[in-house]
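Please consult the sequence and the model while reading.

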Amino acid sequence: MNAVETFRVLHQSGCFVLPNPWDAGSAVYLHRLGFKALATTSAGVAFSRGAPDTVSAVPRDAMLAHIRDVVDATPLPVNADFLAGYADEPEGVAANVALCVATGAAGVSIEDGTGRDAAPLYESRLAIDRIRAARAAIDASGVPVVLTGRCEAFLVGEPDPFRVVSARLPAYAEAGADCLYAPGVSDPGEIAAIVKAVAPKPVNVLVSAPRKDLSVARLAELGVRRVSVGSALARVAWGAFIRAASDLAGTGTFDAFAEAASFDELNEAFSKRHRS
């Protein structure tokens with residue numbers, strides 16, 4: 001409950017960064033750096049399992065176990081990337097959200113992407129009902145977990161994603177979402193318009209690639225309350241691994257090891273956690 005209360009307070013004012021660890025070790029190190037909250041990343045955990053970022057590749061129970069591992073790694077609040085709730089119908093979403101709340105997560109994100117090419121977004125009314133069902137499940141749990149309603153329009157190839165997001169996010173807010181999120185939006189004007197459309201509820205913005213025109217300070221000026229990075233940190237780690245391993249396989253050289261984290265630093269960081 002303390003983590004949940006802390007998480008809710010973070011959403012009330014200012015702008016905070018919500019980095020995305022992909023396992024317990026990365027969560028511990030992010031805590032060490034002073035971040036105030038964390039979020040899981042479905043892509044990050046999928047890649048660590050040698051799987052693509054799809055619902056079928058990381059089944060519900062495996063995702064719940066992963067969320068629990070990240071929650072248990074630090075005392076920080078953790079927002080759970082729970083994909084589309086592992087169900088189509090609202091009743092199934094509600095049942096699964098209850099299981100997610102039981103992991104100890106301080107927040108749960110539910111998206112409206114179906115994962116199907118023919119109809120990549122749930123029909124609007126069903127999508128709204130799914131958010132309403134998630135809200136009801138959280139309320140029934142007695143734990144005031146932060147519910148984030150996600151619209152995937154920018155990620156699934158909608159012809160006019162901003163129009164779709166502008167219609168859906170206010171409806172998700174009305175249905176009980178505490179925070180609103182449209183991964184993929186990057187235009188500052190569109191970000192500011194989304195913030196205005198759902199006010200006073202907070203907005204999460206994803207930044208997962210280098211942006212010279214966006215910083216945490218600039219996003220705060222636009223009214224963004226929460227900034228997450230999705231799979232970016234996991235992909236940074238993968239990038240370093242791939243470069244070093246490719247050198248080893250291709251040229252038999254070890255130069256990339258110069259960029260490795262210090263063994264002593266990592267060992268000490270994780271020894272402190274183990275002792276505690």
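## Basis of the model

The model is predicted, with local features requiring pLDDT of at least 70 and side-chain atom pairs counted only at pLDDT 80 or more, whereas totals for chains, interfaces and linings use all residues. Residues are numbered from 1 along each chain as its sequence is written, and side-chain values use heavy atoms, leaving out hydrogens and water.

## Cysteines

A search of the whole structure finds 0 disulfides (a disulfide being a pair of cysteine sulfur atoms within 2.5 Å). Cys151 is in no disulfide, and the nearest cysteine sulfur, that of Cys179, is 14 Å away. Cys151 has 0% relative accessibility and therefore counts as buried (under 20% relative accessible area, with a 1.4 Å probe and protein chains only).

For Cys179, the closest cysteine sulfur is in Cys15, and the separation of 11 Å is too far for a bond. Cys179 also counts as buried, because its relative accessibility is 0%.

## Helices H5 and H6

Helix H5 (residues 90-101) and helix H6 (residues 124-141) have axes that come within 8 Å and cross at roughly 40°. Helices here are DSSP runs (H or I, at least four residues), numbered from the N terminus, and axes are lines fitted to C-alpha atoms over the stretch in contact, with angles from 0 to 180 degrees between N-to-C directions. H5 and H6 are therefore oblique to each other (angles under 35 degrees count as roughly parallel, over 145 as roughly antiparallel, 65 to 115 as roughly perpendicular and the rest as oblique).

The contact (heavy atoms within 4.5 Å) involves residues including Val93 and Val97 of H5 and Ala133 and Ile138 of H6.

Conventions:
Buried means under 20% relative accessible area, exposed over 50%, partly exposed in between (1.4 Å probe, protein chains only). Helices (H or I, at least four residues) and strands (E, at least two) are DSSP runs, numbered from the N terminus.
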